[in-house]
Amino acid sequence: MHTNDLMNEIITETMSHEDFARFSKFIYDDYGIKLTSSKKTMLESRLQRRLRNLDIKTFSDYYDFVFSADGIKNEIVHLIDAVTTNKTDFFREPGCFDYLSRNALSRLIESHGAGICRELRVWSAGCSSGEEPYTLAMVLDSFKSRQPDFRFSILATDISTRMLKIAARAVYEQERILPVPDAEKRKYFMTSKDAKKNLVRIVPELRSRVTFRRLNLMERDFGIGEHMDIIFCRNVIIYFDRNTQEKLLNRLSGYLIRGGYLILGHSEILTNMDVPLERVAPTVYMKKR
Ligand SMILES: C[S@@+](CC[C@H](N)C(=O)[O-])C[C@H]1O[C@@H](n2cnc3c(N)ncnc32)[C@H](O)[C@@H]1O
């Protein structure tokens with residue numbers, strides 16, 4: 001039997017309810033992510049691989065390891081990787097990108113000189129493997145071709161170091177770029193020299209517009225000194241409970257200029273939340289003046 005198969009055989013232990021409760025409490029308290037009991041099997045199966053790699057036999061031993069000095073330094077990132085859902089796409093939920101090109105960007109230029117008197121600052125919070133910030137970079141660069149003095153920078157953050165590595169490398173399978181319009185495909189992607197590889201990479205000029213950084217949205221201090229003109233936080237708060245969502249949206253609003261934009265995902269609704277934002281288009285909110 002192959003060693004991995006053998007290890008699969010050895011780990012038959014399931015996660016006890018107590019262990020699940022301990023993991024989910026930590027993940028909720030420190031990362032805001034709510035794991036209902038229906039997620040137990042998901043967590044268990046995602047963590048099996050970590051237990052195998054570390055040669056740890058039980059979830060209880062794994063819990064102790066996570067909170068050992070070595071674990072706190074090196075293992076928590078893997079635990080969080082196992083918990084987060086990273087689904088994303090280029091030009092996902094595209095209505096908001098149209099709204100930016102047709103309305104928001106010219107309005108920000110008019111009201112704040114954003115992008116002309118100074119760089120336009122955009123933050124993709126919860127950027128996963130990079131498709132969202134690179135889509136933004138394409139949209140903003142296309143806007144620049146109509147308005148040559150236009151300047152912008154994009155900060156892209158996520159809690160998952162695994163996703164951030166993929167994002168910074170900017171190499172994707174050809175199928176991933178199906179939603180990208182043809183003109184953008186030609187302009188912003190390089191194809192692999194080895195045609196069999198079926199890979200594409202974002203061109204260096206576009207990559208250089210995006211800075212990736214690990215950031216936990218539950219941290220007290222985001223370490224961001226400047227106000228943003230636009231914040232994308234799409235399909236991230238959906239994993240948080242309502243109270244955590246409201247707090248986070250207030251904090252994100254604090255990082256926006258007045259009249260700046262916050263973009264959420266389609267299923268993220270602000271009804272009855274006490275936040276200084278008004279809806280200006282589906283999924284697009286403006287910070288009240
Ligand atoms: C479903 S993806 C959404 C990606 C992209 N925004 C989109 O809409 O296509 C959610 C991302 O949020 C990140 N995330 C979850 N909790 C987080 C937290 N507390 N701090 C920062 N990022 C977090 C996950 O790692 C994941 O990459």
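1. The lining of the second largest pocket divides into two nonpolar, four polar and six charged residues, where Ala, Val, Leu, Ile, Met, Phe, Trp, Tyr, Cys and Pro count as nonpolar, Asp, Glu, Lys and Arg as charged, and the others, Gly among them, as polar. This is a predicted model, in which local features need pLDDT of at least 70 and side-chain atom pairs count only at pLDDT 80 or more, while totals for chains, interfaces and linings use all residues. Residues are numbered from 1 along each chain as its sequence is written, and side-chain values use heavy atoms, with hydrogens and water left out.

2. A pocket here is an open set of points on a 1 Å grid over the protein atoms alone, where a 1.4 Å probe fits, with protein on both sides within 12 Å along at least five of seven lines, and its lining residues have an atom within 4 Å of a point. The second largest pocket has a volume of about 300 Å³, and the residues lining it include Arg46, Arg49, Arg50, Asp81 and Lys165. At least three residues of this lining come from each of domain 1 (3-83) and domain 2 (95-287), the bounds being taken from an automatic or database domain assignment.

3. For the largest pocket, the volume is about 530 Å³. Among the 29 residues of its lining, those closest to the centre are Thr84, Thr85, Asn235, Val236 and Tyr239. Because domain 1 (3-83) and domain 2 (95-287) both give residues to this lining, the largest pocket lies between them.

Definitions and conventions:
Points joined across faces, edges and corners; volume = space filled by probe spheres on them.
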